Amino acid sequence: MRIDIITVLPELLASPLNHSIVQRAKNKNLVEIFVHDLRLLGKGNYKQVDDYGFGGDAGMILMVEPLYRLITSLTSERLYDKVIYLTPDGTLFDQPAANHLSCLQNIILLCGHYKGIDHRVREHLVTHEISIGNYVLSGGELAASVVVDAIVRLIPGVLSDETSALSDSFQDGLLAPPIYSRPAEFNGWKVPEVLLSGNPKLIKEWQEEQSMERTKRLRPELLKG
Ligand code: ADE
């Protein structure tokens, strides 16, 4: 999979994209991630990529021209499955969306900043819009990092034990059951007996019950439909 990320703040993406599972996926050549600094396409000595909006609203807007040049230079080189703009008014990102994106070949993630991007980019170049939650971030970079992390860990071969992505919360529409590690007792706090029983059938039944109970109690809306 190839992911191209467009941003005016590449530094904000450096840490999430260069550690942990995402770094491991890049090392294994299971994903290529290219971060494009929009400012390099800016105009004049100041490399201008943002300007005031028409209509008198305060705040700077990423200009149409540098975005047009960058996006079309990418799309002229290869076919992209999706050109995604990260924005609070996009479709809410969830596990099924992550599963879907992880099956694609090439995607562009476009991070807005300041007030956002010139709307003509959304009308003519962006194909999909994603929000990571009903709140407003200062830019799309943290949202893009969330989306990349959620999809890269699902690419086959990225996690050493592939079943561990399948047992994630949400993967079957339910929350994951509680998990424990050694010691079996700490400070008088005991690991549930059944997990020490060595009986896979009993353990699975217990985990399924726990998943259902936790989902009903903590996130009942997940059970609707
Ligand atoms: N940019 C700013 N806020 C955002 C959000 N909630 N989701 C995605 N991109 C954003």
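**Exercise 1. Which residue in S6 does aspartate 4 stand opposite?**

Solution. This is a predicted model. Start with the strands. Strand S1 covers residues 2-7, and strand S6 covers residues 106-111. The two pair in the parallel sense, over five bridges. Now go to the residue itself. Aspartate 4 stands opposite isoleucine 108 in S6.

Strands of a sheet pair through backbone hydrogen bonds, either parallel or antiparallel.

**Exercise 2. Work out the strand order of the open sheet, and find its edge strands.**

Solution. Step one: list the strands. The open sheet has five, in the order S2-S1-S6-S5-S8. Their pairing is parallel.

Step two: look at the ends. Strand S2 (32-37) and strand S8 (128-131) are the edge strands. Each of them pairs on one side only.

From one strand to the next, it averages 30°.

**Exercise 3. Is histidine 36 buried or exposed? Then describe its surroundings.**

Solution. Histidine 36 lies in strand S2, one of the edge strands.

Step two: apply the cut-off. Buried means under 20% relative accessible area. Histidine 36 has 17%, so it is buried.

Step three: list the contacts. Leave out residues up to four places away in sequence. Histidine 36 then touches Asp4, Ile5, Ile6, Thr7, Leu70 and Leu74.

Step four: look for a polar contact. The side chain of histidine 36 makes one with the side chain of aspartate 4, at 2.7 Å. Aspartate 4 is also the residue that stands opposite isoleucine 108.

**Exercise 4. Sketch the protein as a whole, from its secondary structure to its surface.**

Solution. Step one: count the elements. The protein has eight helices and 10 strands.

Along its principal axes, the C-alpha trace spans about 70 × 40 × 35 Å.

Step three: state the burial. Of the 225 residues, 39% count as buried.

The accessible surface comes to about 13400 Å². Carbon and sulfur atoms hold 55% of that surface.

Step five: check the contacts. Residues 24 or more positions apart account for 75% of them.

Note on methods
Residues numbered from 1 in each chain as written. Predicted model: local features only at pLDDT ≥ 70, side-chain atom pairs only at ≥ 80, totals over all residues. Heavy atoms only, no water. Pairing = 2+ DSSP bridges. Helix = DSSP H or I, 4+ residues; strand = E, 2+ residues; numbered from the N terminus. Axes fitted to C-alpha atoms, helices over the stretch in contact; angles between N-to-C directions. Buried < 20%, exposed > 50% of the residue type's maximum accessible area, 1.4 Å probe, protein only. Polar contact = N/O pair within 3.5 Å; in protein donor to acceptor, adjacent residues only side chain to side chain. Contact = heavy atoms within 4.5 Å. Areas by Shrake-Rupley, 256 points an atom, 1.4 Å probe, with all protein chains shown as cover.
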